[in-house]
Amino acid sequence: MCATLSRVRGLYTAYLATVLLSSLPNLSYALRALGLVSASRAHLDPALAEGEKELRIMAGEQRLDVDSPRWDQSTFYGRFRHFASVTDPTVVFVPKEKLLGAKKLLDLYRNHQEPAGTTLSDLYRAQKYFGSAFHPDTGDLQNVAGRMCANVYGSTALCGGMMIFYRSVPGVLFWQWSNQSFNALVNYTNRNAKSDLTTKDLLVAYSSAVTGALTVALGLKNYLAKKAASVTIQRLVPLAAVCVANFINIPLMRQNEIKNGLLVTDEFGNEVGRSQTAAVKAVSLVAFSRNVIAIPSMFLTPLIVDAVARRSVWFKNNLKYLNIPVQLALVFVLFGSMVPVGCGLFPQKNSIDVATLRYFEPENYDKFKRMGVEKVYFNKGL
């Protein structure tokens with residue numbers, strides 16, 4: 001009895017601590033607004049500092065940097081919140097007029113010409129729409145299907161199709177081809193736009209990815225069938241094909257960056273040259289992140305369906321009706337949840353220490369050292 005009471009008391013204490021900690025930012029904002037908290041304490045509490053910043057912006061004492069993400073990009077939590085905002089699937093349904101209006105508002109704000117009555121919420125909403133629908137390098141409106149905020153819809157249908165129709169050869173061929181076609185569109189839409197791609201480059205990347213995915217899918221399918229592998233193992237074949245194809249499609253889609261080097265800047269955003277090492281790092285991080293996004297939905301979905309079927313007689317008896325909608329629902333939830341996780345794993349504005357280039361690009365190393373640059377920065381892409 002005493003042990004139980006002690007456990008309950010401990011849980012209740014932890015709950016109160018969580019509530020108090022979660023309320024501290026709002027409490028800090030209120031106290032600062034009333035003049036009850038000294039500004040000198042802002043550096044002790046990041047949430048307090050952020051609250052003070054918003055108060056100064058709302059009071060007209062400070063301008064919002066609309067070209068920088070709202071949240072701190074040096075932490076995974078900040079990157080996760082940023083990408084959870086810009087990859088929000090509901091933004092797909094925002095009319096084109098509102099998207100263009102958001103871009104116009106940001107342009108006006110940069111020139112101190114925003115309409116009277118513009119609020120901080122208006123600016124945050126405009127940032128979200130711009131980040132969701134416009135390319136960060138060119139500022140051009142992206143095609144709807146290639147936007148990361150639309151990725152969960154296409155991927156749900158395609159991943160679901162690959163896992164549901166994995167037994168027939170025509171099904172494998174069609175869904176793997178469809179998936180790689182969609183991936184090629186997404187990769188092209190979210191590429192580093194400062195590196196040009198020719199039609200030949202696009203065709204080579206696309207055909208290589210399709211060939212790689214089909215080879216892995218059909219090869220593993222036939223091998224596991226001969227070995228009489230369990231159905232659960234066979235249902236994981238599409239995942240292996242997707243992972244392999246990602247490491248083919250993305251490097252080939254961005255091959256010019258690897259061959260000619262990725263544009264790099266100093267800490268102030270001044271262009272200082274091109275680096276092949278930066279390109280290799282950027283492509284590797286993106287390919288890895290894409291697989292992190294795909295793996296949970298394609299790995300866990302068949303396992304969850306099989307587990308429920310073993311434990312529920314009703315579900316097992318109605319599996320032929322429930323299989324497709326249940327798998328699609330699971331893929332939508334798992335894939336959608338992992339998009340901001342995968343996108344936020346690594347900083348979008350990535351960097352390389354110049355010292356690293358000494359071994360891989362000695363000419364660039366000498367050049368950057370003469371310029372007094374210790375670290376170079378680049379857009380890794382999505």
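Helices here are DSSP runs of H or I with at least four residues, strands are runs of E with at least two, and both are numbered from the N terminus. A pocket is found on a 1 Å grid over the protein atoms alone, as an open set of points with protein on both sides within 12 Å along at least five of seven lines, and its lining residues have an atom within 4 Å of a point. The model is a predicted one, in which local features need pLDDT of at least 70 and side-chain atom pairs count only at pLDDT 80 or more, while totals for chains, interfaces and linings use all residues. Residues are numbered from 1 along each chain as its sequence is written, and side-chain values use heavy atoms, with hydrogens and water left out.

**The largest pocket**

Next, select Asp67, Ser68, Pro69, Pro136 and Gln348, which lie nearest the centre of the largest pocket among its 48 lining residues. The volume of this pocket is about 1600 Å³; a volume is the space filled by probe spheres set on the grid points, which are joined across faces, edges and corners.

Colour the lining by class to see 17 nonpolar, 19 polar and twelve charged residues. Ala, Val, Leu, Ile, Met, Phe, Trp, Tyr, Cys and Pro count as nonpolar, Asp, Glu, Lys and Arg as charged, and the others, Gly among them, as polar.

Now colour domain 1 (10-37 + 143-379) and domain 2 (44-133) separately; the largest pocket lies between them, because both give residues to its lining. The domain bounds come from an automatic or database domain assignment.

**Two loops**

Select tryptophan 71, in the loop between helix 2 (46-58) and helix 3. Is this residue, tryptophan 71, buried or exposed? Tryptophan 71 is buried, with a relative accessible area of 19%; buried means under 20% relative accessible area, exposed over 50%, and partly exposed in between, with a 1.4 Å probe and protein chains only. Leaving aside neighbours within four places in sequence, tryptophan 71 is in contact with Gly78, Arg81, His82 and Ser85, where contact means heavy atoms within 4.5 Å. Draw a C-alpha to C-alpha distance from tryptophan 71 to arginine 81: they are ten residues apart in sequence and 7.0 Å apart in space.

Move on to histidine 112, in the loop between helix 4 and helix 5. Histidine 112 is exposed, with a relative accessible area of 56%. Its phi is near 60°, a positive value in a residue other than glycine. Most residues other than glycine have a negative phi.

**The largest cavity**

How many cavities of 30 Å³ or more does the structure hold? There are three; a cavity is a set of grid points where a 1.4 Å probe fits but cannot get out. To find the largest, select Asn151, Ser155, Asn183, Arg290 and Phe335, which lie nearest its centre among 14 lining residues. Helix 6 (151-164), helix 7 (169-189), helix 10 (237-253) and helix 12 (276-311) are the elements that give two or more residues to this lining. Helix 7 provides the largest share, four residues. The largest cavity holds about 160 Å³ of space, and its lining divides into eight nonpolar, five polar and one charged residue.

Keep serine 155, in helix 6, selected. Serine 155 is buried at a relative accessible area of 5%, and beyond four places in sequence it touches Gly160, Phe182, Val331 and Phe335.

Go to glutamine 180 in helix 7. Glutamine 180 counts as buried at 0% relative accessibility. Not counting residues up to four places away in sequence, glutamine 180 touches Tyr206, Ala209, Val210, Ala213, Ala245 and Asn249.

Then select proline 296 in helix 12, which counts as buried at 18% relative accessibility. Proline 296 and leucine 334 are 38 residues apart along the chain, and their C-alpha atoms are separated by 6.5 Å.

**The whole chain**

Finally, zoom out to the protein chain, with its 16 helices and four strands. Buried residues make up 43% of its 382 residues.
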